[in-house]
Amino acid sequence: MKATKFFLKTEKEIPADADSINASFLIRAGYIQKTMAGVYSYLPLGLKIIRKIEDIVRQEMNKIGGQEILMPVLAPKENWQKTGRFESLDILYKLQTADKKDLVLNPTHEEVIVPLVKSMITSYKNLPLYLYQIQDKFRNEPRAKSGLLRGREFLMKDMYSFHLTQEDLDDYYEKVSDAYKKIFSRLGIGDKTVLTHAAGGSFSKYSHEFQTISETGEDTIFLCDKCQVAINKEIIVEQNNCPKCGNEKLVEKKAIEVGNIFKLGTKYSAPFDFRVSDAGGKLVEIIMGCYGLGITRTFGAITEVFFDQEKSKIIWPESVAPFAIEIISLNKNEEAEKVYESLRARSIDSGRGNPEDEVFYDDRDISAGEKFADADLIGAPIRIIISEKSLTAGGVEISRNSKTEIVELAKVADLL
Ligand code: ATP
Ligand code: MG
């Protein structure tokens, strides 16, 4: 992608009402735009990151047998009345059709998926079943804040599992927990993201959150730094030592809840009277688990972790970087064009079918200072600088992992 064609505008000024690193940085650097409080548009730079996060999440969900579906944003009131949540859930957005039928903008999808699955399966032979989606969620959060961390409209991956027995649920729950660990480590925040015990699902003593340690986080957790396991402050009354090793010296940290997994038991199958026949022909209630992961919140959390406030720059983890490589030409456009073409020809492809996707070439007619300033906002893990100086030294300058080397023009594509 050439900068002259790319839909991007960076700002020097930090937006006035941005209350967090992710909001101020991502808006200023042209990744997202704020449409209203808690509601954002995603520009090409930001959407590229979202798609990469989604791809990693999809791969790990598919590996544990998840099948992807897509449920609607709208649902009829009746589904939500069945579970009592039409009245009890304060963050529910309600609206009406022209002929005054009440609707809900789904904030989560138990009320949609349970009747859906019920209409399709009747026997234990269809179990277990694992379905997930990546979908917009709507929540009337009283205080939308911290940019992508608490939105009124946001992207979530939500998976629902259906089981005949508790043992089967317990087993799968561990698999999902392991898959989440893999996801966060592939996203570059594995060392900062800890399994956290939180107030129970309806079916178990605890639910589990994945908390990314960060000063911007809304949550307070107590971390056992031996086990890298934590307890959410909200449940500390019941548990004040490490649930794994008993260690009582826990360290208080601020953290962002990026995922949350629950054993639901029959909480949602019961109100819909969702039962199937077991091997003996007896009707039994379905046991469920649910597993949320905030896609846009995770994007915000990655930003909080990787933004370097002192230098006012970011270098994204390779797995989510909007561009793997940025080429900066300092009045050497002919040579830069060659490098750009050779990299494109070698198909550095993000897997999304467009080799151009991974290489950003700043071909604009602006000062070196402006190019470098913008490169610090785009955050490509590999930077190639082509200048009079580099050519005199024998080629182009390549920086990655804070190392810089000079590489012959013709050898760049081979090397990368
Ligand atoms: P929180 O405790 O932060 O309000 P929650 O426990 O209600 O979130 P879940 O219903 O479990 O969240 O949703 C699953 C995931 O969706 C969360 O772990 C989080 O990553 C994400 N999420 C929840 N609410 C929001 C929001 N308002 N904005 C962005 N992401 C959110
Ligand atoms: Mg929560």
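In this predicted model, Asn 331 sits in the loop that connects β19 to α8 (333–345). Although Asn 331 is not a glycine, its phi is positive, at about 60°. Most residues other than glycine have a negative phi. Asn 331 counts as exposed because its relative accessibility, 73%, is over the 50% cut-off. Asn 401 also has a positive phi, of about 45°, without being a glycine. Its setting is the loop between β22 and β23 (403–407), and with a relative accessible area of 58% Asn 401 is exposed.

Strand β21 spans residues 382–386, and five of its five residues are buried. In a regular strand the side chains alternate between the two faces of the sheet. In β21, Ile 382, Ile 384 and Ile 386 point one way, while Arg 383 and Ile 385 point the other way. On one side, β21 is joined by five bridges to β19 (residues 325–329), and the two strands run parallel. A further four bridges link β21 to β22 (residues 396–400), this time in an antiparallel arrangement. Ile 384 takes part in both pairings: Ile 327 stands opposite Ile 384, and the bridge partner of Ile 384 in β22 is Ile 398.

Attention may now turn to helix α1. This helix covers residues 21–28, and eight of its eight residues are buried, among them Phe 25, Leu 26 and Arg 28. The partners of these buried residues include both strands and helices: they pack against β1 (32–36), β2 (39–42), β17 (307–308) and β18 (313–314), as well as α7 (295–306) and α9 (368–378). After α1 comes Gly 30, with a positive phi near 80°.

The peptide bond joining Leu 127 and Pro 128 is cis, with omega about -5°, whereas most peptide bonds are trans.

For Glu 257 the distance to a ligand oxygen is 2.5 Å; for Arg 150 it is 2.7 Å, and for Arg 139 it is 2.8 Å. On its own, ligand 1 has 580 Å² of accessible area, and the protein covers 82% of it.

Definitions and conventions
Residues numbered from 1 in each chain as written. Chains lettered and ligands numbered in written order. Predicted model: local features only at pLDDT ≥ 70, side-chain atom pairs only at ≥ 80, totals over all residues. Heavy atoms only, no water. Buried < 20%, exposed > 50% of the residue type's maximum accessible area, 1.4 Å probe, protein only. Pairing = 2+ DSSP bridges. Contact = heavy atoms within 4.5 Å. Polar contact = N/O pair within 3.5 Å; in protein donor to acceptor, adjacent residues only side chain to side chain. Areas by Shrake-Rupley, 256 points an atom, 1.4 Å probe, with all protein chains shown as cover.
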